[in-house]
Amino acid sequence: MSVTPSGEMESLNFLFGDVDSAAIFARLRSPSGKPPCILEVSYDDVLWYFRSGYVSSMQLKELCDQDQGPIVPTLLALSYASQIYATLPDATVTVSTLDHCLLRTSWARHASQLNDIPLGKPSMTGEPDRSFAIAVIAFFEGSHNIKSKELRNVIALSAGDSIYVAMRLICDPFENPHTYEMKRILGNIGKAGLVMLIPPRDPLVRELDPGRWRFADNPEFDGKPEDCFTQTSLHLSFTSYHIPVLSNEFRGDQDNPVSMLESVISVRDSGLWVADINILDALEKDAPVYRLDPPKRCEHAEDLAPDPPIKTIGCWDDVLDSPDGNFLIKAHSNWLARLAVTAVLPNHSRTKQRRITICPSSVCWRCVQQNFPHNAYVF
Ligand SMILES: [Zn+2]
């Protein structure tokens, strides 16, 4: 609250946004010298009116629909964009996006096709995918308008001081986040502009020693959780395949080009290369991946061995040369190794009908039904 030179009382009234970073305020002045009357309606107030039934979201939608104008599609596009940014709390957006008509972007038009009833719902029924999320981020990061279908293979995006990575690449495979969920990591890859990271087509794997035979010696699982993959690490490197991409109509300026960069994620064991992996293909396309339900209450004691017994695998040579039948990979509470194993198995397993079962941190092995003939338990 302050007094202007003409004697008016003046105040700035917060409307919306985040007071600590970016927000919109309205300047209010009162010529009478009394404090200006401030009508405070918060976002929570609006929600309360909707939830209490004082405002009908359906009638509001019908009114908007009658207009046939851009209101509903714009709200819908923004709803989807906010869904994408919900997992990116520290991300910023470029102000130049305000210069462009939202509904001329490919992703906003795609949003209108996903669902047509956005109002009054906490989330939309049509679910966006990862390529949609990357198209949204490319727009808000650099005003680029790129079609989602051109981004199908993209696993991460680098822009400025941010690297946006598919959430599935950096969490335990049991968690199974939505395909559209991305995580922002502070940093850059040392290339100018907006860089889309794509995996190589044919991941490589190290040669096995033809004379080895270890699995016969592998012990049966005793039911106790153990991590035998503590020396496993994942590494990101880039190949020379780096091509420009044209984003249509209102692409960013020449200082902010878009490109695709082939990027290899490698598994190493004690620093030695094991294999290159395509994690997203493995989780989403290559093999049937199941997630074992957490245990229900039962009469069994803790950490009992499975019945019938299951052989265990505790080294990378055995993962690369995994046998038929059931086996269990011991990587308990090691999300990175569990992810690496899950990605390697489909491409480098002899049994093509291999089923991969990701286990929760606690399992009653006596209650596990071993119905499938070729099952790799990742525990
Ligand atoms: Zn049990």
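1. S143, which directly follows helix α5, has a positive phi of about 60°. Helices here are DSSP runs of H or I with at least four residues, strands are runs of E with at least two, and both are numbered from the N terminus. The model is a predicted one: local features need pLDDT of at least 70, side-chain atom pairs count only at pLDDT 80 or more, and totals for chains, interfaces and linings use all residues. Residue numbers start from 1 along each chain as its sequence is written.

2. Helix α5 itself covers residues 130-142, 13 residues in total. From first C-alpha to last it reaches 18 Å, close to the 18 Å expected at 1.5 Å a residue; the expected span is 1.5 Å times one less than the number of residues. Because 13 of its 13 residues are buried, α5 is largely enclosed by the rest of the structure. Buried means 20 or more other C-beta atoms within 10 Å of the residue's own, exposed means 12 or fewer, and partly exposed lies in between, with C-beta atoms placed from the backbone.

3. The largest nonpolar core has 71 residues. Such a core is a set of buried Ala, Val, Leu, Ile, Met, Phe, Trp, Tyr and Cys residues joined through C-beta atoms within 7 Å. Its largest share, nine residues, comes from α5. At least three residues come from each of domain 2 (68-198 + 247-262) and domain 3 (215-231 + 270-378), with bounds from an automatic or database domain assignment. V136, I137, L157, I329 and V378 have the most contacts inside the core.

4. Leaving aside neighbours within four places in sequence, L157 contacts I134, I137, A138, Y164, L194 and M196; contact means C-beta atoms, placed from the backbone, within 7 Å.

5. Strands β4 (residues 156-159) and β5 (residues 162-166) pair antiparallel over four bridges; pairing requires at least two DSSP bridges. S158 stands opposite I163 in β5. Two residues separate the strands of this hairpin, and G160 in the turn has a positive phi of about 60°. β5 also runs antiparallel to β6 (residues 182-186), joined by five bridges, with A166 opposite M182 in β6.

6. A five-stranded open sheet with parallel pairing has the order β11-β14-β15-β13-β12. Its edge strands, β11 (289-291) and β12 (311-313), each pair on one side only. Within the sheet, three bridges join β13 (residues 327-329) to β15 (residues 375-378), and L328 stands opposite Y377 in β15.

Definitions and conventions. Two residues are in contact if their C-beta atoms, placed from the backbone, lie within 7 Å.
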